[in-house]
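Hi,

Here is the structure I said I'd pass on.

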Amino acid sequence: MATDETRTGTFPSGIAGAGLSEVQRQVPADEPPPLPPNAELAVIGKPVPRQDGRAKVTGAIRYTVDISLPGMLHARVLRSAQPHAEIRAVDTAAAARHPGVRAVLAVVQPGGVVRYIGAPIAAVAATSMAAAEEALRLIRVDYKPLPFVADMYQALDARAPLVYDAGSAPKGHPSGWPAPPDIPLVGNVRGPVDAKRGEVAQGFAQADIVAEGEYRTHVQTHCCAEPHGIVADWRADGLTVYMSTQYTAGVRHELAETFGLPLNRVRVVVDGMGGGFGSKSSLGNYGRIAVSLSRQANAPVRLILTRQEEQMDSGNRPATWQRLRIGARRDGSLTAISLVSYGTAGVALGAGVGNVAEALYSCPNFEGAQHDVFINAGPGCAMRAPGNTPGAFGLEQTIDDLAEKLSLDPVALRDRIDPSPVRREERRIGAARIGWQRRRAPGSDPGPVKRGLGMAQSLWAAHVQLNSACEVRVLRDGGVEVLSSVQDIGTGIGTVLAQTVAEVMGLRPEDIAVRIGDTEFPSGPPSYGSRTTASITPPARTAAWRVLQMLFSEAALRLNASASTLEARGGRIIVQGDPGRSISFGEAAAQLRTDRISAVASRADDYGGFKRTMGDAAMALQDLGGVQFAEVAVDTETGIIRIERVVAVQDCGRPMNPKQLESQVHGGVLMGLSYALFEERILDQHTGRMVNPNLEHYKLAGPRETPEIDVVILENYQGRSATDAYGIAEPANIATAPAIANAVYNAIGIRMRSLPMTPAEVLSALGKIPSRS
Ligand code: MOS
């Protein structure tokens, strides 16, 4: 029930511990009253343990791989062995005759083109995995090989083979954002996408000091603990899909559209989920394949990607090259920033370096030109803070260079040029925790193992999905349920929903039954863009508040009081100011006329009146971030970098559950550290083949490389929604690699401008071995 009526609410505002003030907002009349700061709350803001923790550690939780349906078939996908080829013919006759095979699908038709090794060509569904494997080997593909290019720098050459012709190349923005319509395609390059303010040439003319540098980042793969997987069950009366997905409601829409089904015949279910990081945001080619096979076979079909398929064709973080120039006056004030970038997401778009150079610091003159370069490699896709993670690797090192040229401390320079009071507080806290005053001059640590301190910052938008909805029910036995299609990607949103509802109802989180990850319930938000908590906790609180008002009406009769004088606290419904007059929550529920009451609420617009910038369903506010400090030890004889300590000071509006937030920051730091030092997709330029499509030769950081990670979560109140909560997943990943790089520079006095910072790279930077490039 939307209403245009509003009333004025007084909300806490500012950073707890640094002086809270108040802000007045107009709030829709059917939304709950302002939520006080966490210190005054019973459940929200407390380190509540994850509700499904026991199920996870005992293996009781059900992931998509655990789904087994009667008569279920197993699917396998035949993938291109060529990096670029026309498919003359696909002969599936022998596979179709295999006794175990129930369906065969040609994904590419004769005359079609494959553009990377691992691209799907055909698929089978069979009664066992072994039968499916055998059948795959019976398929004959007649390729006409085409010239290919598997290296971004070669692809820039005018004589390089073309990955696409003008008609077939994808269109869009290098950072995956809404794009101006006609971004030129020249050779393999889509771009530039320009951004401009002020006059950059004038700005550089006014500069006393200019810092500049070129930075390279490499391809990182998502490496979700749980692979991409789907069990598709096509029946005459509708389609049910069990899928490890970041957007249950979105996949339902995609399925309805792709297969011409009405929405009320499509159901998507996800229970446990082992991560996504951007790579499970949509149906995907494997999803379409499994559903098509199920329709054809008239049976449920299970398709789980192998780790090799994961590495080759489930998305990746694109590689980038960027050149940054930053001009400043002697006092540190910035006069001009110019940025040029080329990146490659293989056959896809989205290899930009984000908006950190444009938006993190105050600078009147900015000019940016970002380009996507196509190569014959598996498609990149969004990965944890896409754009800004590689972008910050360049920007935050260039800012440190500038600080050194200005003889300013890196923290002091940022205090001058960063307009954010939140990050200022984060720098202050972080510097104190890491012991920043111990920082020496670059390279001045004597001895072969040199220690260094460095820091870097992040910028991310507070994304919100406005069409997110949630239902809260009270049952006659006193039970409470919260229902939404929102999925738990692994971060524990179910626990946060239980906290949100429990706070309203005056109950404990364990009293609330959480039913999520199913499109039978009201549509929840996607879990990408760090928007889950921001999108779904306000409607959960609103729905709980509305249903509580209904319960108050019933309780009012028993208590002989007016409903407006009641409050819910400690499992009881109490007459305010007269605690002797109360009944238990259960007694109140027992009064219900029907066996349950329920309210559905959707996410309200931002109370602060911030503009929607990404269409009707979503808005993005530029105000999330975090500052990270790293302490490293560089062994100048072996080239090994050890990260000894990371301090991460992050903000996300109101922290809903500090324990889970800390856990997410640990994940962000580990992923960033692993990106900085270890991970790298290695593509053989001569064959177009990934030579490390596994987790043996694709090195992830492990326990031995895990430093002490000190997490501080700010309480930053803004009065923008019924919970005032935002996300933390992506911001926690952005600053890690540049903080480490700045610390390495501080240790050895040499800048690492290329990722990953392997021992060989360090030794070559030190001039001890020849450079590999
Ligand atoms: Mo994320 S890369 O928005 O899942």
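Let me start with the sheet: 3 strands make up an open sheet, ordered 2-1-34, with antiparallel pairing. Strand 2 (21–28) and strand 34 (716–717) are the edge strands, each pairing on one side only. Strands here are DSSP runs of E with at least two residues, helices are runs of H or I with at least four residues, and both are numbered from the N terminus. Two strands count as paired if DSSP finds at least two bridges between them. Strand 1 (residues 6–15) and strand 2 are antiparallel partners over 8 bridges, and F11 has V23 in strand 2 as its bridge partner.

Before the rest, some housekeeping. This is a predicted model, so local features need pLDDT of at least 70 and side-chain atom pairs count only at pLDDT 80 or more, while totals for chains, interfaces and linings use all residues. Residues are numbered from 1 along each chain as its sequence is written, and side-chain values use heavy atoms, with hydrogens and water left out.

On to the charges. Searching the whole structure turns up 36 salt bridges (a side-chain nitrogen of Lys or Arg within 4 Å of a carboxyl oxygen of Asp or Glu). One of them joins D401 and R751, at 2.7 Å from N to O. D401 sits in helix 10 (residues 388–405) and R751 in the loop between helix 18 (736–748) and helix 19 (759–765), so this pair ties together parts 350 residues apart in sequence. Both D401 and R751 are buried (buried is under 20% relative accessible area, exposed over 50%, partly exposed in between, with a 1.4 Å probe and protein chains only).

R473 and E481 also form a salt bridge, at 3.2 Å from N to O. R473 is buried at 12% relative accessibility, and E481 is buried at 13%. In the D233 and R235 salt bridge, the closest N and O atoms are 3.0 Å apart; D233 is buried at 7%, whereas R235 is partly exposed at 48%. There's a network of salt bridges too, linking R76, R79, E133, E309 and D313.

Last, a helix pair. The axes of helix 13 (residues 493–505) and helix 14 (residues 532–559) come within 9 Å and cross at roughly 30 degrees (axes are lines fitted to C-alpha atoms over the stretch in contact, with angles from 0 to 180 degrees between N-to-C directions). Helix 13 is therefore roughly parallel to helix 14 (angles under 35 degrees count as roughly parallel, over 145 as roughly antiparallel, 65 to 115 as roughly perpendicular and the rest as oblique).

Cheers
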